[in-house]
Amino acid sequence: MSSLAWRCVARAASRSRALSSRSLCTSSSACNSLTAKGNPVITTHPSIKGKSDDERWQQERYVEEADVVIVGGGPSGMATAIRIKQLDESLRVCVVEKASEVGAHIVSGACLEPRALNELIPDWKERNAPLKTPVESDSFYLLTETSAIPMPILPGMPLHNHGNYIVRLGHFVKWLGEQAEELGVEIWPGVAASEVLFHEDGSVKGSSGDVLI
Ligand SMILES: Cc1cc2nc3c(=O)[nH]c(=O)nc-3n(C[C@H](O)[C@H](O)[C@H](O)COP(=O)(O)OP(=O)(O)OC[C@H]3O[C@@H](n4cnc5c(N)ncnc54)[C@H](O)[C@@H]3O)c2cc1C
(Lines give C-alpha, C1' and ligand atoms only; values in the text may rest on other atoms or scores of the structure.)
Protein backbone atom coordinates (compact mmCIF):
# COMPACT_ATOMS: atom_id res chain seq x y z
CA MET A 1 0.00 0.00 0.00
CA SER A 2 1.40 3.35 -0.93
CA SER A 3 2.40 5.73 1.76
CA LEU A 4 0.40 8.90 2.11
CA ALA A 5 1.65 11.96 3.87
CA TRP A 6 -0.82 13.85 5.92
CA ARG A 7 -0.36 17.47 6.64
CA CYS A 8 -2.32 19.39 9.07
CA VAL A 9 -2.09 22.84 10.44
CA ALA A 10 -1.53 22.90 14.14
CA ARG A 11 -1.56 26.14 15.98
CA ALA A 12 -0.87 27.20 19.51
CA ALA A 13 -4.01 27.98 21.42
CA SER A 14 -3.27 31.67 21.60
CA ARG A 15 -2.87 31.85 17.82
CA SER A 16 -6.14 30.00 17.28
CA ARG A 17 -7.94 32.32 19.61
CA ALA A 18 -6.63 35.24 17.60
CA LEU A 19 -7.86 33.56 14.41
CA SER A 20 -11.33 32.86 15.78
CA SER A 21 -11.73 36.37 17.04
CA ARG A 22 -10.81 37.60 13.57
CA SER A 23 -13.33 35.33 11.94
CA LEU A 24 -15.96 36.76 14.23
CA CYS A 25 -14.85 40.11 12.90
CA THR A 26 -13.97 41.74 16.19
CA SER A 27 -10.68 42.79 14.62
CA SER A 28 -11.02 45.62 12.13
CA SER A 29 -8.50 44.21 9.60
CA ALA A 30 -10.73 41.19 8.85
CA CYS A 31 -13.66 43.49 8.14
CA ASN A 32 -11.94 45.86 5.76
CA SER A 33 -13.23 44.30 2.55
CA LEU A 34 -16.88 44.47 1.61
CA THR A 35 -19.15 42.20 -0.39
CA ALA A 36 -20.90 43.43 -3.57
CA LYS A 37 -23.83 44.42 -1.39
CA GLY A 38 -21.60 46.42 0.93
CA ASN A 39 -21.63 43.98 3.80
CA PRO A 40 -18.38 43.13 5.58
CA VAL A 41 -16.67 39.93 4.41
CA ILE A 42 -16.61 37.90 7.56
CA THR A 43 -15.79 34.45 6.21
CA THR A 44 -12.25 33.09 6.29
CA HIS A 45 -13.09 30.08 4.12
CA PRO A 46 -10.22 29.64 1.61
CA SER A 47 -12.63 29.38 -1.35
CA ILE A 48 -13.81 32.93 -0.59
CA LYS A 49 -10.78 34.49 1.00
CA GLY A 50 -7.55 33.05 -0.43
CA LYS A 51 -4.74 32.36 1.98
CA SER A 52 -1.81 33.11 -0.31
CA ASP A 53 -1.56 36.78 0.72
CA ASP A 54 -2.21 36.14 4.38
CA GLU A 55 1.05 36.06 6.29
CA ARG A 56 -0.54 34.00 9.06
CA TRP A 57 -0.64 31.03 6.66
CA GLN A 58 2.94 31.35 5.48
CA GLN A 59 4.41 29.67 8.52
CA GLU A 60 5.77 26.14 8.50
CA ARG A 61 3.06 23.52 8.84
CA TYR A 62 3.01 20.65 11.26
CA VAL A 63 3.23 17.39 9.31
CA GLU A 64 2.02 13.92 10.29
CA GLU A 65 2.72 10.88 8.18
CA ALA A 66 0.49 7.82 8.03
CA ASP A 67 0.08 4.82 5.75
CA VAL A 68 -3.61 5.49 5.22
CA VAL A 69 -5.57 8.64 5.96
CA ILE A 70 -9.35 8.45 5.84
CA VAL A 71 -11.31 11.67 5.65
CA GLY A 72 -14.59 11.40 7.52
CA GLY A 73 -15.47 9.06 10.35
CA GLY A 74 -18.92 8.03 9.16
CA PRO A 75 -19.98 4.39 8.71
CA SER A 76 -17.92 3.98 5.54
CA GLY A 77 -14.78 5.66 6.89
CA MET A 78 -14.85 3.68 10.12
CA ALA A 79 -15.56 0.39 8.36
CA THR A 80 -12.67 1.06 5.97
CA ALA A 81 -10.30 1.84 8.83
CA ILE A 82 -11.33 -1.33 10.69
CA ARG A 83 -10.94 -3.50 7.62
CA ILE A 84 -7.48 -2.16 6.79
CA LYS A 85 -6.30 -2.80 10.33
CA GLN A 86 -7.78 -6.31 10.22
CA LEU A 87 -5.79 -6.96 7.05
CA ASP A 88 -2.51 -5.45 8.27
CA GLU A 89 -2.21 -4.28 11.85
CA SER A 90 1.24 -2.79 11.23
CA LEU A 91 -0.18 0.02 9.09
CA ARG A 92 -0.71 3.42 10.63
CA VAL A 93 -4.32 4.26 9.86
CA CYS A 94 -5.76 7.67 10.76
CA VAL A 95 -9.32 8.94 10.49
CA VAL A 96 -9.87 12.70 10.46
CA GLU A 97 -13.35 13.72 11.53
CA LYS A 98 -14.60 17.28 11.51
CA ALA A 99 -17.08 16.72 14.33
CA SER A 100 -15.92 17.34 17.89
CA GLU A 101 -16.46 13.65 18.57
CA VAL A 102 -17.18 10.64 16.40
CA GLY A 103 -20.89 10.43 15.53
CA ALA A 104 -21.68 14.02 16.51
CA HIS A 105 -22.37 15.06 12.89
CA ILE A 106 -24.36 11.94 12.05
CA VAL A 107 -27.97 12.93 12.52
CA SER A 108 -29.82 10.18 10.74
CA GLY A 109 -31.93 7.49 12.25
CA ALA A 110 -31.74 4.38 10.12
CA CYS A 111 -33.02 0.94 9.47
CA LEU A 112 -29.75 -0.98 9.36
CA GLU A 113 -29.30 -4.12 7.32
CA PRO A 114 -26.57 -5.98 9.23
CA ARG A 115 -25.06 -8.15 6.48
CA ALA A 116 -21.90 -6.02 6.07
CA LEU A 117 -21.56 -5.71 9.84
CA ASN A 118 -21.79 -9.51 10.20
CA GLU A 119 -18.81 -9.81 7.86
CA LEU A 120 -16.79 -6.99 9.41
CA ILE A 121 -17.37 -7.69 13.11
CA PRO A 122 -19.07 -11.10 13.45
CA ASP A 123 -19.24 -10.87 17.26
CA TRP A 124 -20.93 -7.46 17.29
CA LYS A 125 -23.62 -8.68 19.70
CA GLU A 126 -21.04 -9.75 22.28
CA ARG A 127 -19.32 -6.40 21.76
CA ASN A 128 -22.52 -4.67 22.76
CA ALA A 129 -23.21 -2.93 19.46
CA PRO A 130 -26.12 -0.47 19.76
CA LEU A 131 -28.43 -2.57 17.59
CA LYS A 132 -31.16 -3.16 20.13
CA THR A 133 -34.40 -2.80 18.19
CA PRO A 134 -35.02 -5.53 15.63
CA VAL A 135 -37.75 -4.93 13.10
CA GLU A 136 -40.70 -7.13 14.01
CA SER A 137 -43.31 -5.96 11.55
CA ASP A 138 -43.64 -3.80 8.46
CA SER A 139 -46.71 -1.79 7.54
CA PHE A 140 -47.14 0.02 4.27
CA TYR A 141 -50.24 1.98 3.35
CA LEU A 142 -51.45 3.74 0.27
CA LEU A 143 -53.02 6.93 1.60
CA THR A 144 -56.04 8.40 -0.12
CA GLU A 145 -58.08 11.44 0.94
CA THR A 146 -60.37 9.35 3.07
CA SER A 147 -58.67 6.06 3.79
CA ALA A 148 -55.45 4.08 4.18
CA ILE A 149 -55.21 1.01 2.04
CA PRO A 150 -52.80 -1.63 3.44
CA MET A 151 -50.28 -2.90 0.90
CA PRO A 152 -48.61 -6.30 1.22
CA ILE A 153 -44.86 -6.39 1.84
CA LEU A 154 -43.44 -9.72 0.79
CA PRO A 155 -39.98 -11.15 1.53
CA GLY A 156 -37.52 -9.92 -1.08
CA MET A 157 -39.22 -6.56 -1.50
CA PRO A 158 -37.08 -3.51 -0.53
CA LEU A 159 -39.51 -2.57 2.23
CA HIS A 160 -39.33 -6.00 3.84
CA ASN A 161 -37.16 -5.20 6.85
CA HIS A 162 -37.30 -8.36 8.92
CA GLY A 163 -33.79 -9.11 10.21
CA ASN A 164 -32.86 -5.43 10.16
CA TYR A 165 -32.44 -3.07 13.11
CA ILE A 166 -33.71 0.41 13.88
CA VAL A 167 -30.73 2.43 15.07
CA ARG A 168 -29.58 5.91 15.78
CA LEU A 169 -26.72 6.09 13.33
CA GLY A 170 -24.67 8.46 15.49
CA HIS A 171 -24.60 5.88 18.28
CA PHE A 172 -23.67 3.13 15.87
CA VAL A 173 -20.83 5.16 14.37
CA LYS A 174 -19.52 6.05 17.82
CA TRP A 175 -19.44 2.34 18.64
CA LEU A 176 -17.65 1.63 15.34
CA GLY A 177 -15.07 4.25 16.33
CA GLU A 178 -14.45 2.42 19.60
CA GLN A 179 -13.95 -0.85 17.72
CA ALA A 180 -11.54 0.92 15.36
CA GLU A 181 -9.54 2.39 18.24
CA GLU A 182 -9.28 -1.05 19.85
CA LEU A 183 -7.58 -2.19 16.67
CA GLY A 184 -5.15 0.73 16.83
CA VAL A 185 -6.81 3.14 14.41
CA GLU A 186 -6.03 6.75 15.33
CA ILE A 187 -9.07 8.99 15.28
CA TRP A 188 -8.58 12.73 15.07
CA PRO A 189 -11.86 14.45 15.94
CA GLY A 190 -12.23 18.18 15.41
CA VAL A 191 -10.11 18.13 12.25
CA ALA A 192 -11.72 19.13 8.96
CA ALA A 193 -9.70 18.11 5.92
CA SER A 194 -9.79 21.19 3.75
CA GLU A 195 -7.47 20.59 0.82
CA VAL A 196 -6.07 17.62 -1.13
CA LEU A 197 -2.28 17.63 -1.47
CA PHE A 198 -0.70 16.14 -4.58
CA HIS A 199 2.65 14.64 -5.52
CA GLU A 200 4.38 16.20 -8.51
CA ASP A 201 3.17 13.31 -10.69
CA GLY A 202 -0.41 14.20 -9.83
CA SER A 203 -1.07 11.34 -7.42
CA VAL A 204 -2.66 12.11 -4.08
CA LYS A 205 -0.18 12.73 -1.29
CA GLY A 206 -2.49 13.57 1.55
CA SER A 207 -4.63 16.33 2.85
CA SER A 208 -4.34 19.47 4.88
CA GLY A 209 -6.63 20.34 7.68
CA ASP A 210 -7.31 23.15 10.06
CA VAL A 211 -7.06 22.27 13.71
CA LEU A 212 -9.30 24.53 15.69
CA ILE A 213 -8.31 24.38 19.33
C1 LIG B 1 -32.44 11.31 6.87
C2 LIG B 1 -31.62 10.10 6.45
C3 LIG B 1 -32.15 8.82 6.64
C4 LIG B 1 -31.43 7.69 6.26
N5 LIG B 1 -31.94 6.46 6.50
C6 LIG B 1 -31.22 5.36 6.21
C7 LIG B 1 -31.71 4.05 6.51
O8 LIG B 1 -32.80 3.88 7.04
N9 LIG B 1 -30.93 2.98 6.21
C10 LIG B 1 -29.71 3.14 5.62
O11 LIG B 1 -29.02 2.13 5.37
N12 LIG B 1 -29.23 4.36 5.31
C13 LIG B 1 -29.96 5.47 5.59
N14 LIG B 1 -29.47 6.71 5.27
C15 LIG B 1 -28.21 6.81 4.52
C16 LIG B 1 -27.01 6.67 5.44
O17 LIG B 1 -27.13 7.57 6.53
C18 LIG B 1 -25.75 7.01 4.61
O19 LIG B 1 -25.71 6.14 3.49
C20 LIG B 1 -24.49 6.82 5.42
O21 LIG B 1 -24.49 7.64 6.56
C22 LIG B 1 -23.27 7.17 4.54
O23 LIG B 1 -22.12 6.93 5.30
P24 LIG B 1 -20.76 7.65 4.96
O25 LIG B 1 -19.77 7.20 5.97
O26 LIG B 1 -20.44 7.44 3.52
O27 LIG B 1 -21.04 9.22 5.09
P28 LIG B 1 -21.59 10.06 6.31
O29 LIG B 1 -22.50 9.27 7.18
O30 LIG B 1 -22.12 11.32 5.69
O31 LIG B 1 -20.30 10.40 7.15
C32 LIG B 1 -19.34 11.31 6.70
C33 LIG B 1 -18.50 11.75 7.89
O34 LIG B 1 -17.41 12.51 7.40
C35 LIG B 1 -17.29 13.71 8.13
N36 LIG B 1 -16.71 14.69 7.21
C37 LIG B 1 -17.27 15.19 6.09
N38 LIG B 1 -16.42 16.03 5.47
C39 LIG B 1 -15.28 16.05 6.21
C40 LIG B 1 -14.02 16.73 6.09
N41 LIG B 1 -13.77 17.57 5.08
N42 LIG B 1 -13.07 16.52 7.02
C43 LIG B 1 -13.30 15.68 8.06
N44 LIG B 1 -14.48 15.01 8.23
C45 LIG B 1 -15.45 15.20 7.31
C46 LIG B 1 -18.70 14.02 8.60
O47 LIG B 1 -18.68 14.81 9.79
C48 LIG B 1 -19.25 12.62 8.88
O49 LIG B 1 -18.97 12.19 10.19
C50 LIG B 1 -30.16 7.85 5.65
C51 LIG B 1 -29.64 9.14 5.46
C52 LIG B 1 -30.36 10.23 5.85
C53 LIG B 1 -29.76 11.62 5.66
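Here are a few questions and answers on a helix residue and a sheet in this model.

User: What kind of model is this, and how are residues numbered?
Analyst: It's a predicted model, where local features need pLDDT of at least 70, side-chain atom pairs count only at pLDDT 80 or more, and totals for chains, interfaces and linings use all residues. As for numbering, residues in each chain, as its sequence is written, are counted from 1.

User: Is G177 buried or exposed?
Analyst: G177 sits in helix α4, residues 169–182 (helices are DSSP runs of H or I with at least four residues, strands are E runs of at least two, and both are numbered from the N terminus). A residue is buried with 20 or more other C-beta atoms within 10 Å of its own, exposed with 12 or fewer, and partly exposed in between, with C-beta atoms placed from the backbone. G177 has 23 such neighbours inside 10 Å, so it counts as buried.

User: How far apart are the C-alpha atoms of G177 and P75?
Analyst: Along the chain, G177 and P75 are 102 residues apart.

User: Which strands stand at the edges of the open three-stranded sheet?
Analyst: The sheet has the order β3-β4-β10 with parallel pairing (two strands pair if DSSP finds at least two bridges between them). Each edge strand has a single partner, so one side of it is left without a neighbour in the sheet. Those strands are β3 (68–71) and β10 (186–189).

User: Which residue in β10 is the bridge partner of E97?
Analyst: Strand β4, residues 93–97, pairs with β10 in the parallel sense over four bridges. In β10, the partner of E97 is P189.
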